[in-house]
Amino acid sequence: MGVFVKSVLIFLFLFSKVSFSNSFLRPELMIRDGSLVPLKKQKLQFSFYEKNDEKYTKFKSFHMKPMHLVVVKSDLSYFSHIHPYLNENSFEININDTYPEDFDNQFTARVIPEHGTYFLFSEINTEDFGALEFRFEEKTSEMGRELPLEEDLKNENGDYFRELDENKRVVFQVQQIPGCGGVLVDFVFHFLERNMNQGRYEDLSGLEPWMMMGGHSIVLSEAGRTAQAKTFLHLHADLPSQNSQYRFSTFNRGSLSKGIYRIWSQVKVRGRILTVPMTFKFNPVAPLECS
Ligand SMILES: [Cu+2]
């Protein structure tokens, strides 16, 4: 690349306004054009620096990717889970662009669909510090609308459900098993399909693993006005062996408090990724009293 082109590119990149360091590395997010523009193809570039300001280089991939990046609008109305590529020790990806050759980057086309504030949660794996998570906040040039989070509907059994199309639906439950020092919380997605002959709903068939796991999910709290203040969980489920019920588990030591949450589950079925959001009320139960 010529020196002139390079300096123009450097000029076009501006530093992120809000990012959150952890005690190991300082992150830097550069956005082509300086700030996010709805539906415009833009390159995001993430770099990480050590305390002495040297660029960190010892990355390892996990779940088959060098970086997992979740981008949500601040009102949690939009979600995408994408995978920047490692290039000269920075992680790069074009958002609002398509990667037809990369199945795992099919959600890059509509990362910033409209004006507003966006939260970026990036996860990397390092040789020295293990897996690390970094959060960023970016705004487009206009405020954008903020939609309230509406709890999903419940069926006659009191379980949340969502129709995916006229023949597929998901039933969602939160189960809690008290333990010593915390509570095992299972987020259970049961995927069902209508049997055309009998009319009733049965287990969905054709489940496949995606990125080495049965299913992937992201949990975010309604509470917290900033990316840093939100509760963020990235959970995985095994591929169901008997039925089509995915169980995303976490041991709650207090990070999940009473409130409204949104979870997005992503599973691969018959060659396609199904992304299913659910908005639910969470009421934590008390852990066991253990001596
Ligand atoms: Cu990922």
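pLDDT is the predictor's confidence in each residue, from 0 to 100. This chain averages 91, and 93% of its residues score at least 70.

Ground rules, quickly. This is a predicted model: local features need pLDDT of at least 70, side-chain atom pairs count only at 80 or more, and totals for chains, interfaces and linings use all residues. Numbering starts from 1 along each chain as its sequence is written.

Now the layout. There is a domain 1 (3–139) and a domain 2 (160–282); the bounds come from an automatic or database domain assignment. Their C-alpha centres lie 25 Å apart. Domain 1 puts 17 residues into the contact, domain 2 puts in 16. Contact here means C-beta atoms, placed from the backbone, within 7 Å.

Next, the hairpin. Strands β20 (259–269) and β21 (272–282) run antiparallel, joined by 11 bridges. Strands are DSSP runs of E, at least two residues, numbered from the N terminus. Two strands pair if DSSP finds at least two bridges between them. Isoleucine 263 stands opposite methionine 278 in β21. The hairpin has 2 residues between its strands, and arginine 270 takes a positive phi near 50°.

Last, glutamine 245. It sits in strand β19, residues 245–252. It touches Val188, His190 and Pro240, leaving out residues up to four places away in sequence. Why is glutamine 245 called partly exposed? Because it has 16 other C-beta atoms within 10 Å; 20 or more would be buried, 12 or fewer exposed, with C-beta atoms placed from the backbone.

How values were computed. Helix = DSSP H or I, 4+ residues; strand = E, 2+ residues; numbered from the N terminus. Contact = placed C-beta atoms within 7 Å.
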